[in-house]
Every structure is written in C-alpha cells, then in structure tokens.
Amino acid sequence: MEIIAISNQLADFSVDRPCLKQTVKAIIVTQDGQRILGSNAINNDVDVCPRVVENMPTGEGYHLCKDVCNQNEHAEVTALQNAKAAGVDVQGATLYITGHTYFCDNCQNEMRKAGIKEAVCLDSDIKHSF
C-alpha cells in the first residue's frame, strides 16, 4: 500500500539538527513516482525551544523559529526547494507531512504556487486539494 511505504520512508528520514519542539517531515511524490524529502531543521545550536519557554501553542510564535533557532522554512517549503534544486517537476504531485496536524497558510500558498495537486497530513484527517 502506497501510504504505508510513504509513512515508512518519512519515518526512516533522518533529520540533521531537528526542530526541538516538533520535527516535521515532508515528502513530495510526483506523478512519475519521484520522491523528494524536506524537514523543518534548525541552524543554530539551542538547548530548548523558545516557543516551549514562552508556552506558545502550535501555530503561534513562528517568528522565534527564525529569530532564535534560525529555521529557514517549514518542511513543506523545504521539500519544494529541494525539488526545484534537483530539477524535479512537482506539477500535479502530492505532498505528505508527518509530525504536524495541519498546513499553515504560507505553506498552502507555496504548494499552490508550485503546482502541488494535493496535500495530505498523515497525522490527522487534513487533506487539501489545490
């Protein structure tokens, strides 16, 4: 079953310098079966997530991810950037994430602009068609 294989590939995907609060992994599956991965890794050495210190719920305080942890992008956008860098056409592709329960507005907009057909959150019942 395709979803099981995708889930297994995401589970096996090792993230260098993962987000301390919530490691999110994304995979784009193109129409011809290519798979491109991305994650929300951090670039600064931190001992504790600033959003946890501030007791911020999911969806709030993303500015701290950039300002303190130097996280460049969410997993979805990183996967899109990796696809572009590899010269992979994502028109009509499906993007899957794990480690989160929804897609933020910015990520939805980026997926729409890139031509992603569908986005599926494997940790919830959230699915978007574009």
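Let me begin with a pair of side chains, Glu2 and Arg35, which meet in a salt bridge at 2.5 Å from N to O, where a salt bridge is a side-chain nitrogen of Lys or Arg within 4 Å of a carboxyl oxygen of Asp or Glu. This pair links distant parts of the chain, since Glu2 sits in helix α1 (residues 2-12) and Arg35 in strand β2, 33 residues apart; helices (H or I, at least four residues) and strands (E, at least two) are DSSP runs, numbered from the N terminus.

Before I go on, a word on the source: this is a predicted model, in which local features need pLDDT of at least 70 and side-chain atom pairs count only at pLDDT 80 or more, while totals for chains, interfaces and linings use all residues. Residues are numbered from 1 along each chain as its sequence is written, and side-chain values use heavy atoms, with hydrogens and water left out.

Another of them joins Arg17 to Asp45, with the closest N and O atoms 3.0 Å apart. Arg17 lies in the loop between α1 and β1 (25-29) and Asp45 in the loop between β2 and α2 (50-53), so this pair ties together parts that are 28 residues apart in sequence. Asp45 is exposed, with a relative accessible area of 71%, whereas Arg17 is partly exposed at 37%. Arg17 also has a phi near 55°, a positive value in a residue other than glycine. Asn70, in the loop between α3 (62-67) and α4, likewise has a positive phi, near 60°, and is partly exposed at 30% relative accessibility.

The remaining salt bridge is between Lys113 and Glu110, whose closest N and O atoms are 3.1 Å apart. Both residues lie in helix α5, three residues apart, or about one turn of the helix; Lys113 counts as exposed at 64%, and Glu110 as partly exposed at 25%.

Glu110 brings us to the packing of helices, because it is one of the α5 residues, together with Asn106, Cys107, Met111 and Ala114, that meet Glu76, Val77 and Leu80 in α4, contact meaning heavy atoms within 4.5 Å. The residues of this contact divide into five nonpolar, one polar and two charged; Ala, Val, Leu, Ile, Met, Phe, Trp, Tyr, Cys and Pro count as nonpolar, Asp, Glu, Lys and Arg as charged, and the others, Gly among them, as polar.The axes of α4 (residues 75-86) and α5 (residues 105-114) come within 9 Å and cross at roughly 25°, the axes being lines fitted to C-alpha atoms, for helices over the stretch in contact, with angles from 0 to 180 degrees between N-to-C directions. The two helices are therefore roughly parallel, a term for angles under 35 degrees, with over 145 roughly antiparallel, 65 to 115 roughly perpendicular and the rest oblique.

Key:
Buried < 20%, exposed > 50% of the residue type's maximum accessible area, 1.4 Å probe, protein only.
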